[in-house]
Amino acid sequence: MTGVSWFGAQSYAESPSVGKRLPTEEEWEKAARGMDGRMYPWGGDFARENANTRESGFRTTSPVIQYENGQSPYGVIDMAGNVFEWTASEEGGAKILRGGSWDDDPEYARCASRIRNHPRYSYFDFGFRCART
């Protein structure tokens, strides 16, 4: 799902039919980076064949299985590129997004990269993933 605000993402994740939640920023980063502090989920160097970023040339969102070689040490796919993902974390009234998108440069796909935005704001490359407690 894309073009969703933080409130929409949270509402979906916490709905009774889904029964999950948005991950915290720290949970998101650990799932992407692993225990060895990788720059990208797959390692230290950017590889355009591992993520849907501007360099991949895909020019829109891609199916989650499209970039299997870009999975994190925990086997999580699409932690870099495709869509920015809302997290449960907040800073100064803004919510934190992670992961970069198909419309951004590789620097936004780094595991440590983050942006902040108002929770009511939605954009074509904002999405989310759910976490289990």
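**Strands, a helix and loops in a predicted model**

User: In the hairpin of strand 1 and strand 2, which residue takes a positive phi?

Analyst: This is a predicted model, in which local features need pLDDT of at least 70 and side-chain atom pairs count only at pLDDT 80 or more, while totals for chains, interfaces and linings use all residues. Residues are numbered from 1 along each chain as its sequence is written, and side-chain values use heavy atoms, with hydrogens and water left out. Strands here are DSSP runs of E with at least two residues, and helices are runs of H or I with at least four, both numbered from the N terminus. The hairpin has 2 residues between its strands, and the residue with a positive phi, near 60 degrees, is G92.

User: Which residue is the bridge partner of E91 in strand 2?

Analyst: Strand 1 and strand 2 (residues 94-98) run antiparallel and are joined by 4 bridges, where two strands count as paired if DSSP finds at least two bridges between them. Within strand 2, the partner of E91 is A94.

User: What is the order of the strands in the open sheet?

Analyst: Strand 1 (residues 84-91) also pairs with strand 4 (residues 126-127), in the parallel sense and over 2 bridges, with E85 standing opposite G127. The pairing in this open sheet of 4 strands is mixed, and the order is 3-2-1-4.

User: Is N82 buried or exposed?

Analyst: N82 is found in the loop between helix 2 and strand 1, and its phi is near 75 degrees, a positive value in a residue other than glycine. R59, in the loop between helix 2 and strand 1, likewise has a positive phi, of about 65 degrees, without being a glycine, and at 60% relative accessibility R59 counts as exposed. N82 has a relative accessible area of 8%, and therefore counts as buried.

User: How many Å separate the C-alpha atoms of M39 and S113?

Analyst: M39 lies in the loop between helix 2 and strand 1 and is partly exposed, with a relative accessible area of 42%. Leaving aside residues up to four places away in sequence, M39 touches G44, R110 and C111, contact meaning heavy atoms within 4.5 Å. M39 and S113 are 74 residues apart along the chain, and the separation of their C-alpha atoms is 9.5 Å.

User: What is the relative accessible area of Y121?

Analyst: Y121 is found in the loop between strand 3 (114-117) and strand 4. Its accessible area puts Y121 in the partly exposed class, with a relative value of 35%.

Technical notes: Buried < 20%, exposed > 50% of the residue type's maximum accessible area, 1.4 Å probe, protein only.
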